Amino acid sequence: MRILLVAATVLGLTVAPATASASDGSCPGPKPTVSTFLHSADWYENAEFDGHGRIWIANLTANRLEAYGPAGDLRATVPVNAPGAIRRGPDGLLYANFGNNATSHGAPSGVVRFDPEHPRPTVYATGDAFGSANGAEFDSAGNLYVADPFAGLVKIRPGGRVDPDWKTDLPGADGVATLGGQVFTTLLFDPKSAVVRVTRADATHPKTLVELSPDGVGKLPDDMAFGPDLRLYVATYGSGEVFRTDLAGRKCVLLSGLDHPTSVRFAQWFGRPGDMYVTEASGSVLRVRLGR
């Protein structure tokens, strides 16, 4: 998201260059195969699969969501102001963050939802709880967690009500992933590029899962997702990498040399299940076939 462009200057962060080579060691095993699924001059922020044979892309430049078929053919567009994460809910609807822009802090932000077959977005949640809604993910109970660099993690109960009792002190929260009763978030502003976790029952005691840059040279960790192997895949916008880490915090670099990656998502009901799709602020969506 565009807040990444100002974070280093405002906070005085030292950021690893996007052309940096893998400094933590490449992941063992067969190398992934990378191809370009989509390319334009726009900023692609996030992605999701709708269960109807389409991938939806958040186009931050054009202020819209775009639906594509497996061949990269454009099938639909939906206007959304400064879109962030898109997630398929347990009800089959798509939920998309809006107001995901550093310059929109103080302007409306929150979540819209719509039927991907009849895309007419309506507001699901908004208000003072949001500053710049970026990452999002559902848990198994139907709660939606939104990561907001200004507000931290926000929990939205089924039905669209923000849980006022579930509060975190996590400035710079950016990406979100869930597994069981745990909620994970990346800390954009942390010079050590931490991924932390809290529990669904208690948000007040975050624990660090892994530090992607323990040397203090921030990588600007963006969005992330659990893969079919139940390992976490994290895009680092600043260093141009995708990290893989397990739940013990053992990390490696799966991909490097990318051009400002913003999110990762694993294909479901689309193309080859299990392929990873990586969005980039530089205007590409990459398809990554992992080595077996």
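Biologist: Which strand gives the largest share of the lining of the largest pocket?
Modeller: That's β13, with three residues. Keep in mind that this is a predicted model.

Biologist: What's the volume of the largest pocket?
Modeller: About 590 Å³. It has 25 lining residues, and E137, F138, F226, R265 and Q268 are the closest to its centre. Elements giving two or more residues to the lining include β2 (44-49), β10 (135-138) and β21.

Biologist: And how does that lining split by class?
Modeller: Twelve nonpolar, eight polar and five charged residues.

Biologist: What about the second largest pocket, what volume does that have?
Modeller: About 240 Å³. Of its 20 lining residues, Y233, R244, L254, L290 and G291 lie nearest the centre. Strand β20 (residues 251-255) gives the most to that lining, with three residues.

Biologist: Switching topic: is strand β22 buried or exposed?
Modeller: Five of the five residues in β22 (residues 276-280) are buried, so the strand is largely enclosed by the rest of the structure. Both faces are covered, with M276, V278 and E280 on one side and Y277 and T279 on the other.

Biologist: Which strands does β22 pair with?
Modeller: β21 (residues 261-266) pairs with β22 in the antiparallel sense over five bridges, and P261 has E280 as its bridge partner. β23 (residues 284-289) also pairs antiparallel with β22, over four bridges, with T279 opposite V285.

Biologist: Which residue in the hairpin of β22 and β23 takes a positive phi?
Modeller: G283, near 110 degrees; that hairpin has three residues between the strands.

Definitions and conventions:
Residues are numbered from 1 along each chain as its sequence is written. This is a predicted model: local features need pLDDT of at least 70, side-chain atom pairs count only at pLDDT 80 or more; totals for chains, interfaces and linings use all residues. Side-chain values use heavy atoms; hydrogens and water are left out. Buried means under 20% relative accessible area, exposed over 50%, partly exposed in between (1.4 Å probe, protein chains only). Two strands pair if DSSP finds at least two bridges between them. On a 1 Å grid over the protein atoms alone, a cavity is a set of points where a 1.4 Å probe fits but cannot get out, and a pocket is an open set with protein on both sides within 12 Å along at least five of seven lines; lining residues have an atom within 4 Å of a point. Grid points are joined across faces, edges and corners, and a volume is the space filled by probe spheres set on the points. Ala, Val, Leu, Ile, Met, Phe, Trp, Tyr, Cys and Pro count as nonpolar, Asp, Glu, Lys and Arg as charged, and the others, Gly among them, as polar.
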